[in-house]
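Hello,

Here is the structure I promised to pass on. Please open it first, then read my notes below.

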Amino acid sequence: QQQQQQQQQQQQQQQLFPGGPVPFLQNPLNSLYWNFQYPAQAVGGILPASGIEAIYRADESSLSLGGLAHHHLPVHQNHPHHHHPPVDSSDDEDGDYDDPNRPSRTLLRLVEDHHWVAALQRIATHPRETQQVGIQGRTPLHVACDHDAPPALVQALLSAWPEGAERVGTSHMNPLHITCSSPHASVDVVRVLLAGCGDSLVITGAKDVDGDTPLHAACRCAAPMDVLVTLLQANPITVTWKDYEGLNPLMRLWVRYFVLVGEQIISNIKEPRDLNEDLVEAWEKSLLLLRVMSAMERRPGGSGCVVGGDSGGSASDRQQGQQQRLQQQHPFRTVHAASSVDCPRCVVRIARVLFPGELLRRDEYNRLPIHIAAAAPVYAVHDLRGEGFTIDDAMFDDYDPNVPPEQGVAPVVNRRPPPQREKKESQSKYKEPSVIDILLGGASAAAAERGPHGQLPLHVAIMRGKTLDEGVQALVEAYPDALTAPDNQTNLYPFMLAASVGRGRGDCTTIFALLRAAPDLVHMALNGKQREDPDDTREKTPEL
């Protein structure tokens with residue numbers, strides 16, 4: 001059954017992403033990425049020796065390790081030789097725990113108290129207790145993930161109740177959400193959850209009350225890089241999804257660093273040495289997310305549209321081969337990718353600083369980054385200086401469960417602050433330079449370069465509905481001659497293009513500014529009118 005489930009998941013992935021989802025995740029191009037795969041052994045059945053030993057070593061009760069010699073026993077078999085705290089049913093308000101018809105919270109209590117060995121034996125003798133629901137709607141699997149339980153214990157909980165991986169509490173967080181919501185998130189636990197659930201696409205695509213997927217949660221709480229890679233391997237399309245505040249995982253990642261590092265430092269990165277240790281970490285994760293976002297945009301349909309396809313036919317094989325050959329022939333270009341996708345402006349600035357040579361380098365489609373930015377949609381600007389994250393959250397996330405709390409200080413239980421944070425006030429007053437402005441700040445000569453269809457960046461930007469503040473003004477200042485150059489596709493001047501976009505709803509300010517900046521076009525029109533009708537002596541000004 002598990003093999004059939006894995007085959008179904010692979011077929012579903014192939015239907016979602018014909019030709020393979022993100023090839024570089026399976027075959028990393030450099031040392032920043034690793035090829036993590038799900039564990040080969042089955043989730044149920046017999047735990048490996050190392051798993052049992054890890055449970056003993058992590059157990060916080062007063063245990064001896066004398067029972068380790070019996071770690072070869074199956075999960076669902078009692079361990080009579082293991083020394084563990086006795087379970088006394090008389091001290092619990094739920095009554096007799098040996099009665100299968102009565103609910104019991106013993107397993108919940110054992111997991112909450114980090115008594116992993118006793119919990120493992122309880123799972124073997126009372127597997128139904130894995131379905132018990134405690135406070136905030138959390139099951140033992142939720143609690144185990146929240147308390148950094150050993151992967152083998154999580155595996156035992158899933159083996160007893162695989163459906164538990166999809167259950168959510170009052171905050172709509174499933175166990176994968178909780179695992180990823182920590183800077184100490186265990187990639188081994190993530191792999192166990194993905195391999196042991198019914199459908200990895202379901203749990204990786206689930207949203208909590210904030211609209212966060214597990215990938216959002218991992219980015220919000222600074223989960224390790226290998227956790228991000230594993231989540232992206234399981235369901236790469238989530239990198240394009242937005243939470244209820246309109247932020248994708250890459251934006252959510254930078255909210256944390258805007259709070260920890262500060263806007264002033266991030267906004268004044270002029271050279272590579274300006275990146276401190278925190279920003280280097282942020283950039284490595286950003287590069288990973290950026291590459292996957294670019295891959296999702298380039299696949300058939302683009303922009304996160306799901307497309308179908310034959311997963312086993314020769315056409316699919318040919319398509320996969322073409323994509324792999326294209327990737328080998330044309331390496332990933334950071335500035336081009338940042339100019340195309342919906343990412344924070346700081347990512348574009350850092351890419352420009354780290355890869356200045358790409359500003360005037362054309363891609364396989366004969367495009368410069370400025371051409372890509374001009375043709376890209378007008379993405380909303382987000383204030384990342386504290387959207388759903390505060391300095392208290394950073395201190396909260398830095399809690400290390402392996403460090404004993406100080407005397408009199410209660411340990412932190414939850415991995416992240418309660419959801420449903422208050423949303424910030426309107427961001428209408430928040431301004432950021434456009435992507436076009438940022439690119440021209442590094443290579444203004446790009447404004448005079450024509451694209452693959454012979455169009456200037458100014459023509460393309462206007463046709464995509466961009467206004468003065470969205471890069472048109474910067475393009476005019478960088479290359480004023482474009483004002484009097486007609487577009488080779490429509491034969492219209494820039495001010496005409498601005499008046500023709502949006503079905504008659506062009507931006508009047510942009511139209512007037514373009515026309516005022518090129519008065520010779522008005523003189524040309526008047527002179528042309530006079531040549532057409534020299535006998536017409538009517539005053540021309542009222543007509544204008």
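The loop between α18 and α19 (369–375) holds N366. This is a predicted model, so treat the notes as computed from it. N366 has a positive phi of about 65 degrees, although it is not a glycine. Why remark on that? Most residues other than glycine have a negative phi. N366 counts as partly exposed because its relative accessible area is 37%, which falls between the 20% limit for buried and the 50% limit for exposed.

A222 also has a positive phi, of about 60 degrees, and is not a glycine. Look for A222 in the loop between α11 (214–220) and α12 (225–234). Is A222 buried or exposed? Its relative accessibility is 11%, so A222 counts as buried.

Next, helix α18. It spans residues 345–354 and is mostly covered, with 9 of its 10 residues buried. The buried ones are R345, C346, V347, V348, R349, I350, A351, R352 and V353. Note that the list includes arginines: R345, R349 and R352. What do the buried residues of α18 pack against? Their partners are α13 (249–260), α14 (263–267), α15, α17 (334–340) and α21 (435–442).

Now the core. The largest nonpolar core has 113 residues. V227 and W254 have the most contacts inside it. Helix α15 (residues 277–298) gives this core its largest share, 10 residues.

W254 is worth a click. Setting aside neighbours within four places in sequence, W254 is in contact with I266, L279, A282, S286, P344, C346, V347, I350 and L384. Among these, C346, V347 and I350 are buried residues of α18.

Last, T204. It sits in helix α10 (residues 200–205). T204 counts as buried because its relative accessibility is 3%, under the 20% cut-off. Which backbone oxygens does the side chain of T204 reach? One is that of S200, at 2.6 Å. Another is that of L201, at 3.4 Å. An α-helix has 3.6 residues a turn, so residues three or four places apart point the same way. Beyond its neighbours within four places in sequence, T204 is in contact with L176, L194, T213, P214, L231, A234, N235 and T238.

To find your way around, start with W254 and its contacts, I350 among them. Then turn to T204 in α10. Finish with the positive phi values at A222 and N366.

Best wishes

Notes:
Residues numbered from 1 in each chain as written. Predicted model: local features only at pLDDT ≥ 70, side-chain atom pairs only at ≥ 80, totals over all residues. Heavy atoms only, no water. Core = buried A, V, L, I, M, F, W, Y, C linked by side-chain atoms within 4.5 Å. Buried < 20%, exposed > 50% of the residue type's maximum accessible area, 1.4 Å probe, protein only. Helix = DSSP H or I, 4+ residues; strand = E, 2+ residues; numbered from the N terminus. Contact = heavy atoms within 4.5 Å. Polar contact = N/O pair within 3.5 Å; in protein donor to acceptor, adjacent residues only side chain to side chain.
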